[in-house]
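Please open the structure in your viewer and keep the selection tool at hand. Each stop of this tour names what to select and then states what is there.

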Amino acid sequence: MPEAPLADARFFLVGEEALVASAIAAYLRERGATVLPLSRLEDLAMGEEADNVIVAHYSGTAGLAHRLPALKRNHSELKVILLHEITERGQIDTALLSLTDHLLEKHFTRQALEKALSACLAAADLDARRI
């Protein structure tokens, strides 16, 4: 039996409303990923044995602009998918965007999520074609 496409990835969900977070988690788990909800970025405990990806809601994640640069400095391999509302388009700080591997505007489709995962995980040297 082939390995699940995201079996080597851990996704941390932070700042998203429960319904959306639940849908994203179910989608990722169907593909073999480990999904860990975070109530705050300070609770992040990355595993060395897997590729680590934060899926953060821009306006829903307290301290994101302050905390993310330190996380990326200490864990350069950490990947970031940033979810944002259409009304926030063009308002996200450039420094934060430079730390983001993929920007995903809400409301998004499965196809858009898959594109974000492919882009993000390809950067992490995973075989994105397995998704």
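A salt bridge is a side-chain nitrogen of Lys or Arg within 4 Å of a carboxyl oxygen of Asp or Glu. This is a predicted model, in which local features need pLDDT of at least 70 and side-chain atom pairs count only at pLDDT 80 or more, while totals for chains, interfaces and linings use all residues. Residues are numbered from 1 along each chain as its sequence is written, and side-chain values use heavy atoms, with hydrogens and water left out.

**First stop: lysine 106 and glutamate 16**

Select lysine 106 and glutamate 16, whose side chains form a salt bridge at 2.8 Å, N to O. The pair links distant parts of the chain, 90 residues apart: lysine 106 is in strand β5 (residues 102-106), and glutamate 16 is in the loop between β1 (9-14) and α1. Helices (H or I, at least four residues) and strands (E, at least two) are DSSP runs, numbered from the N terminus. Are these two residues buried or exposed? Both lysine 106 and glutamate 16 are buried; buried means under 20% relative accessible area, exposed over 50%, and partly exposed in between (1.4 Å probe, protein chains only).

A search of the whole structure finds seven salt bridges. Select arginine 89 and glutamate 105, which form a salt bridge with their closest N and O atoms 2.7 Å apart. Arginine 89 lies in the loop between β4 (79-85) and α3, and glutamate 105 in strand β5, so the pair ties together parts that are 16 residues apart in sequence. Arginine 89 counts as exposed, at 54% relative accessibility, whereas glutamate 105 counts as partly exposed, at 23%.

Next, select aspartate 101 and lysine 72, whose side chains meet in a salt bridge at 3.8 Å, N to O. Aspartate 101 lies in the loop between α3 (94-98) and β5, and lysine 72 in helix α2 (residues 64-74), so the pair ties together parts 29 residues apart in sequence.

Select tyrosine 27 and arginine 31. Arginine 31 lies over the face of tyrosine 27, at 3.6 Å from the ring centre; a charge sits over a ring if NZ of Lys or CZ of Arg is within 6 Å of the ring centre and within 35 degrees of the ring normal.
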